[in-house]
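Q: I have a structure open and have not looked at it before. Can you walk me through it?

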Amino acid sequence: AWLGLLGTEPDLEIAAARSAFEAGDMDAAIAAAVEAEAAWRAAPDVARGRMVSVALLIAAAGLGILLLAQVRHRRPGGWSSGRTP
């Protein structure tokens with residue numbers, strides 16, 4: 001879940017909720033607590049999406065490398081050949 005929490009700081013929201021509660025501002029306390037809860041609840045889905053994105057990026061890079069290797073393998077003399085097929 002830590003991957004899903006990157007870029008968010010629910011602990012700061014909890015601290016804000018605590019401060020607002022101690023100051024007697026219930027609306028602000030509830031709003032900050034709800035923000036923190038939303039970040040924690042969304043973290044698994046966000047992490048899953050980020051992992052899928054990274055996996056697809058790695059797969060695309062690997063496919064690109066394989067395609068470049070195929071093109072290079074088919075050209076006589078490799079990349080440096082000035083000849084045309």
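A: A definition to start: helices (H or I, at least four residues) and strands (E, at least two) are DSSP runs, numbered from the N terminus. Valine 34, for instance, is found in helix H3. This is a predicted model, in which local features need pLDDT of at least 70, side-chain atom pairs count only at pLDDT 80 or more, and totals for chains, interfaces and linings use all residues. Residues are numbered from 1 along each chain as its sequence is written, and side-chain values use heavy atoms, with hydrogens and water left out.

Q: How many helices and strands does the protein have?
A: There are 3 helices and 0 strands. From the N terminus on, the order is α-α-α.

Q: Where does H3 bend?
A: At alanine 43, by about 45°. The bend is the angle between axes fitted to the seven residues ending at a residue and the seven starting there. A proline, proline 44, follows within four residues.

Q: Which residues of H3 are buried?
A: Ala29, Ala32, Ala36, Ala39, Ala43 and Ala47. Buried means under 20% relative accessible area, exposed means over 50%, and partly exposed is in between (1.4 Å probe, protein chains only). In the protein, buried residues make up 14% of the 85 residues.

Q: What do those buried H3 residues pack against?
A: Helix H1 (2-5) and helix H2 (10-22). Take alanine 29, which counts as buried because its relative accessibility is 8%. Leaving aside neighbours within four places in sequence, alanine 29 is in contact with Ala17, Ala20 and Phe21, where contact means heavy atoms within 4.5 Å. The C-alpha atoms of alanine 29 and alanine 17 are separated by 4.0 Å, with the two residues 12 apart along the chain.

Q: Switching to charges. How many salt bridges does a search of the whole structure find?
A: It finds 2. A salt bridge is a side-chain nitrogen of Lys or Arg within 4 Å of a carboxyl oxygen of Asp or Glu. Glutamate 37 pairs with arginine 41 at 2.8 Å, N to O, and arginine 48 pairs with aspartate 45 at 2.6 Å, N to O.

Q: Why are glutamate 37 and arginine 41 about one helical turn apart?
A: Because they are 4 residues apart in helix H3. An α-helix has 3.6 residues a turn, so residues three or four places apart point the same way. Arginine 48 and aspartate 45 also both lie in helix H3, 3 residues apart, about one turn of the helix.

Q: Is glutamate 37 partly exposed or buried?
A: Glutamate 37 is partly exposed, at 36% relative accessibility. Arginine 41 is exposed at 62%, and arginine 48 is partly exposed at 47%.

Q: Which helix gives the largest share of the patch?
A: Helix H3 (residues 26-74), with 3 residues.
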